[in-house]
Amino acid sequence: MYEVRFHGRGGQGSVMASGILAAAMVEEGKYAVSIPSFGFERRGAPVVSFLRMSEREIRQLTNIYQPDCIVCVDPTLTKSVDIFAGMKAGGTLVQATHRPLAELTLPDCVSTVGLLDAVKIALEIFKRPITNTLMLGAFARTTGVVSLDSLKRALEDSDFRDAGLAQNMTALERGYAETVVHQIERRAAA
Amino acid sequence: MTTETLEKAVATEVPRKQKVILAEGNEAAALGVALARPDMVSVYPITPQSSLVEHLAKLIADGRMDADIVDAEGEHSVLSVLQGGALAGARTYTATCGPGLAFMFEPYFRTPGMRLPIVLTIVTRDGITPQSVWGGHQDAMTVREAGWIQVYCENVQEVLDTTVMAFKIAEHHDVMLPVNVCLDGNYLSYGASRVELPDQADVDAFMGEKDVNWHVALDPLRPMAVDPLTGGTTGKGPQTFVRYRKGQCRGMQNALSVIEEVHADWAKRIGRSFAPLVEEYRLDDAEFAIMTLGSMTGAAKDAIDEARDAGKKVGLIKIKTFSPFPVEALKKSLAKVRALGVIDRSVAFRWNCGPMYQETLGVLYRLGRHIPSMSFIGGLAGADITIPHVHRVIADTEALLNGATAPTEPVWLNEKD
């Protein structure tokens, strides 16, 4: 079982990204369940979506409390939400940010980090800071648990409200190409 | 029905290839409706049902579903419109929940009395007040004595498959009652899962020839009065009324075997089995059991596996058909155990316990043997029922087995979350 928690703000499409990723995993013959967190839909408010992937049928339909991977599609969210809550040791962070790794404050549970200046690229492609499909590319590049081709096929089957398929394909590809992946070596405690 | 029997029952005929897709529960319900080829749907959106009717509207607009859609001004009108459609011989469908179901109540109670086989999905939502737009079984439980058949689904695949089966059950000549397919708001309505979409030709063969309303019809060439005023409090009036009520109760009891037959036929033709009334999971050598309903069951099965690995002899009983209550099937399951914990996602205010627990007490009485039992209430207003919550239920129920006194109060699982 591989568990991913998406963090974003209402209107950025993190719930949709979680669904597209699940569809891509199903496309690859895996089992996947994507469950959004529940609130009143408000643009800008923190939202969460949960994704499980497994080779076997997934029975539990619950939220995720100990994710293997955290995808944060908004660069400002860490100021208001503890996105790392419950994260497993050796975990992966896929973060939208313009900052370099050295400027980020990360807990010890994070071992792999994929960073993408997603807002800058989104403004170029969409003229708006919609980062979800960019961050799917970043996720594929950072984790390798899903292929870019499967994501493209899942994207083709999606209905987009705010942008066209071609723009989102570009976003997916640029997200994949421009993400910088870091491995963090933790020194044993003295 | 045990899980092992379920696996053996699958596919004696080879179904056509099924497309694998990702769908949320609301979309799966809409796809199930489309496969059943209704003539008419009427809708009014309400959270968490809204995306279901949006999917329906899109299926019709895209030409993937050939049905009239009536966008009525409220839920009372929605069901009233469908009553007219059903009386004219149409296969009809709608979906609602919570406050929408409350607003629908007048025609809702009338529908089974008129023996109209309408299918209505309840995307279950907790009761207000306090304000909540989140999942819980309180809406469906509140109308459990209104004469509708009510079945609950565990996962998105079961939503899709059960939605089709619901029409076949409702329209069976020995039943002729409306059916609620209950799917949990939030975890099932918005939870997207891998599902297999049955082939339309296989579903058409399963459904057979359309014969929706043979007993009464709005037909100018065959005028008749429907829904009569039964007369005063003396003479033939009360007799007529009793005939109606007795007929409803008989239809409900007939539904028990029809639900089993329809599920068996679905397994044969489509290749997927679901326990029609009561599912037993690792119960055969169990000393005690927990009981579940709806989407909580998946996490509960995972918890049972973990408890078994830790040496606890615990099994699970899942109710699928809640109305009519499957008394005989449940009696057989309960006869296997010596202590019981029942998890409800709603409240029986009068008894200070969960409604499924309250119903089960009647079956325990008929068993003629005392089994210590207790009520757990969780998952209200969208709260999560996780594997650790179920372990709490297992531990408390095991304590009953070992002689602990059953509490008179329910255990509120999310009280300290």
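**Entry 1**

I began with B:Ala381, which counts as buried because 21 other C-beta atoms lie within 10 Å. My cut-offs: a residue is buried if 20 or more other C-beta atoms lie within 10 Å of its own, exposed if 12 or fewer, and partly exposed in between, with C-beta atoms placed from the backbone. The phi of B:Ala381 is positive, about 50°, although the residue is not a glycine. I found B:Ala381 in the loop between strand 14 (373–377) and helix 14 (387–401) of chain B. Helices (H or I, at least four residues) and strands (E, at least two) are DSSP runs, numbered from the N terminus.

I note that this is a predicted model, where local features need pLDDT of at least 70, side-chain atom pairs count only at pLDDT 80 or more, and totals for chains, interfaces and linings use all residues. Residues are numbered from 1 along each chain as its sequence is written, while chains are lettered from A and ligands numbered from 1 in the order in which they are written.

Next I looked up B:Arg282. Its phi is near 50°, again positive in a residue other than glycine. B:Arg282 sits in the loop between strand 9 and strand 10 of chain B. It counts as partly exposed because it has 19 C-beta neighbours inside 10 Å.

Then I checked omega. The peptide bond joining B:Thr47 and B:Pro48 is cis, with omega about 0°. B:Pro48 belongs to the loop between strand 2 (40–43) and helix 3 (50–61) of chain B. Another cis bond joins B:Ile128 and B:Thr129, with omega about 10°. I placed B:Thr129 in the loop between strand 5 (119–124) and helix 7 (138–142) of chain B. For background, most residues other than glycine have a negative phi, and most peptide bonds are trans.

**Entry 2: a sheet in chain B**

I traced an open sheet of six strands in chain B, in the order 9-11-10-13-14-15, with mixed pairing. Its edges are strand 9 (278–281) and strand 15 (411–412) of chain B, each pairing on one side only. Two strands pair if DSSP finds at least two bridges between them.

I followed one pair inside the sheet. Strand 10 (residues 288–293) and strand 11 (residues 314–319) of chain B are parallel, with six bridges. There, B:Ala289 is opposite B:Gly315 of strand 11 of chain B.

What packs on the sheet? Helix 11 (residues 296–309) of chain B does, touching strand 9, strand 10, strand 11 and strand 13 (340–344) of chain B. The direction of helix 11 makes about 165° with that of strand 11 of chain B. I also found helix 12 (residues 327–334) of chain B lying across strand 9, strand 11 and strand 13, at about 15° to strand 9 of chain B. Axes are lines fitted to C-alpha atoms, for helices over the stretch in contact, and angles run from 0 to 180 degrees between N-to-C directions.

**Entry 3: where chain B meets chain A**

I looked up the contacts between the chains: 21 residues of chain B touch 16 residues of chain A. Contact means that C-beta atoms, placed from the backbone, lie within 7 Å. On the side of chain B, strand 1 (19–24), strand 8 (192–197) and helix 11 each give two or more residues. Helix 11 of chain B gives the most, with four residues.

Strand 8 of chain B also runs antiparallel to strand 2 (residues 31–36) of chain A, joined by two bridges. In this pairing, A:Val33 has B:Ser193 as its bridge partner.

**Entry 4: chain A**

I listed five helices and seven strands in chain A. From the N terminus on, the elements run β-α-β-β-β-β-β-α-α-α-α-β. Of the 190 residues in chain A, 46% are buried. Residues 24 or more positions apart make up 63% of the chain A contacts with a separation of 6 or more. The C-alpha atoms of chain A fill a box of roughly 55 × 40 × 35 Å, taken along the principal axes.

Last, I took helix 3 (residues 132–143) of chain A. How is it covered? Ten of its twelve residues are buried, so I noted it as mostly covered. Among the buried residues are A:Leu134, A:Met135 and A:Phe139. Just after helix 3 of chain A, A:Gly144 takes a positive phi of about 70°.

Terms used: Two residues are in contact if their C-beta atoms, placed from the backbone, lie within 7 Å.
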